[in-house]
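Me: I have a model open on my screen and would like to understand the words used to describe it. Could you walk me through them?

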Amino acid sequence: MDRKSLIRKFDKQAKKYDARREKDNTYRFRKRIFPEAEGHVLEVAVGSGYNFAFYSEVSELTGVDFSGEMLKAAAAASKDYPFTTTLIQADVESMAFDADSFDTIVSSLSFCAYREPAKVLEKFRKWCRPEGKILLMEHGISSNKFLSGIQRLVDPAAVMIVGCHQNRDISGIVKSSRLNILREERYLAGSMYLIWAETDSR
Ligand SMILES: C[S@@+](CC[C@H](N)C(=O)[O-])C[C@H]1O[C@@H](n2cnc3c(N)ncnc32)[C@H](O)[C@@H]1O
C-alpha cells in the first residue's frame with residue numbers, strides 16, 4: 001500500500017483511538033511496561049497519546065507520527081500531563097535524529113505497520129543513548145499453531161483494510177537486532193509481545 005493511502009487509513013482511525021483508552025484490552029499491558037519510561041522519551045507512532053497516562057518519570061517527550069489526525073489528538077491529550085511535549089509529523093522509517101538523543105524509546109502497536117521493522121530497530125539503537133531503554137508493546141504472530149495459521153491467512157487482507165501485518169515475529173525481529181533483550185513477556189496466546197531491551201554500550 002502506498003504511503004498516502006496508509007496515512008489516510010490512520011487518519012480515519014484517529015477518533016476511535018482517542019476514545020479507546022481505559023476500555024480497551026491493551027490497558028493492562030501498557031500499565032505493566034510504560035511506567036518504566038524515563039527522562040527524555042521518544043515515542044514513535046505516538047498515535048493519540050494513549051501512553052501519556054503511564055509516564056511518571058518522563059521529563060520530556062518527543063512524539064512522532066505520520067498521521068496529522070492522530071497528532072491532533074495527541075496534542076490535546078498532552079495538555080493533561082506535566083512533561084514538555086514536542087510532536088513531529090513524519091515517517092519514522094525515513095526520519096533522522098542525532099545519535100544518543102533519547103534516554104528511552106517507546107513503541108506500541110507500530111511494528112505491524114513498518115515496511116522494514118529491522119531498520120527501525122537499527123535507528124532506535126542510534127537514537128537512544130548507550131544503555132538506554134527500548135520499551136515495546138507489539139502484536140504479532142501467536143505461539144498457538146491454530147491462531148498463527150489464521151493470522152498468516154488473513155495477513156494480506158489486514159494490510160489492505162487496516163494497514164497492519166498480523167504475522168510478524170516481533171521477538172525474532174528484536175533478537176536479530178543489535179539491541180539487548182532484558183525481558184520478554186507474551187500474552188493473548190503469545191500474540192502480544194512486551195519487550196524490555198537496552199542499547200549496547202557501543
Ligand atoms: C495501531 S496505531 C498505534 C498508536 C499508538 N502507538 C497506540 O498504541 O495507541 C499505529 C500508529 O502508527 C502510526 N504509524 C504507522 N506507521 C508509521 C510510520 N512509518 N511513521 C510514523 N507513524 C506511523 C499510525 O499513524 C498510527 O498512529
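Reply: Happy to! A polar side-chain atom of R30 lies 2.8 Å from an oxygen atom of the ligand. Before we go on, this is a predicted model, where local features need pLDDT of at least 70, side-chain atom pairs count only at pLDDT 80 or more, and totals for chains, interfaces and linings use all residues. Residues are numbered from 1 along each chain as its sequence is written, and side-chain values use heavy atoms, with hydrogens and water left out.

Me: Which nitrogen pairs of the ligand involve F66 and D91?

Reply: For F66, a backbone N or O atom lies 3.2 Å from a ligand nitrogen. For D91, an N or O atom in the side chain is 2.8 Å from a nitrogen atom of the ligand. Taken alone the ligand exposes 590 Å², and the protein buries 98% of that; these areas come from the Shrake-Rupley method with a 1.4 Å probe, and for residues only the protein chains shown count as cover.

Me: Which residues around the ligand come nearest?

Reply: Y17, R30, A45, D65 and S108 do, out of 20 residues around the ligand. A residue is near a molecule or strand if one of its heavy atoms lies within 4 Å of it. Helix α1 gives the most to this shell, with four residues.

Me: Why is Q13 called buried?

Reply: Buried means under 20% relative accessible area, exposed over 50%, and partly exposed in between (1.4 Å probe, protein chains only). Q13 has 12% relative accessibility, so Q13 counts as buried. Q13 lies in helix α1, residues 3–20; helices (H or I, at least four residues) and strands (E, at least two) are DSSP runs, numbered from the N terminus.

Me: What does Q13 touch?

Reply: Not counting residues up to four places away in sequence, Q13 touches M70 and V162. Contact means heavy atoms within 4.5 Å.

Me: Is A90 buried or exposed, and how do you know?

Reply: A90 has a relative accessible area of 18%, so A90 is buried. A90 sits in the loop between β3 (84–89) and β4. Leaving aside neighbours within four places in sequence, A90 is in contact with V64, D65, F66 and M95.

Me: What makes M1 partly exposed?

Reply: The relative accessibility of M1 is 42%, so M1 counts as partly exposed. M1 is found in the segment before α1. Beyond four places in sequence, the residues M1 touches include R115, V159 and M160. The C-alpha atoms of M1 and R115 are separated by 9.9 Å, although these residues are 114 apart along the chain.

Me: What is said about phi at L109 and A189?

Reply: L109 has a positive phi of about 55° although it is not a glycine. A189 also has a positive phi of about 55° and is not a glycine. L109 lies in the loop between β4 and α4, and A189 in the loop between β6 (180–187) and β7 (192–198).

Me: Why are L109 and A189 called partly exposed?

Reply: L109 has a relative accessible area of 22%, so L109 is partly exposed. A189, at 38%, therefore counts as partly exposed too.

Notes
Polar contact = N/O pair within 3.5 Å; in protein donor to acceptor, adjacent residues only side chain to side chain.
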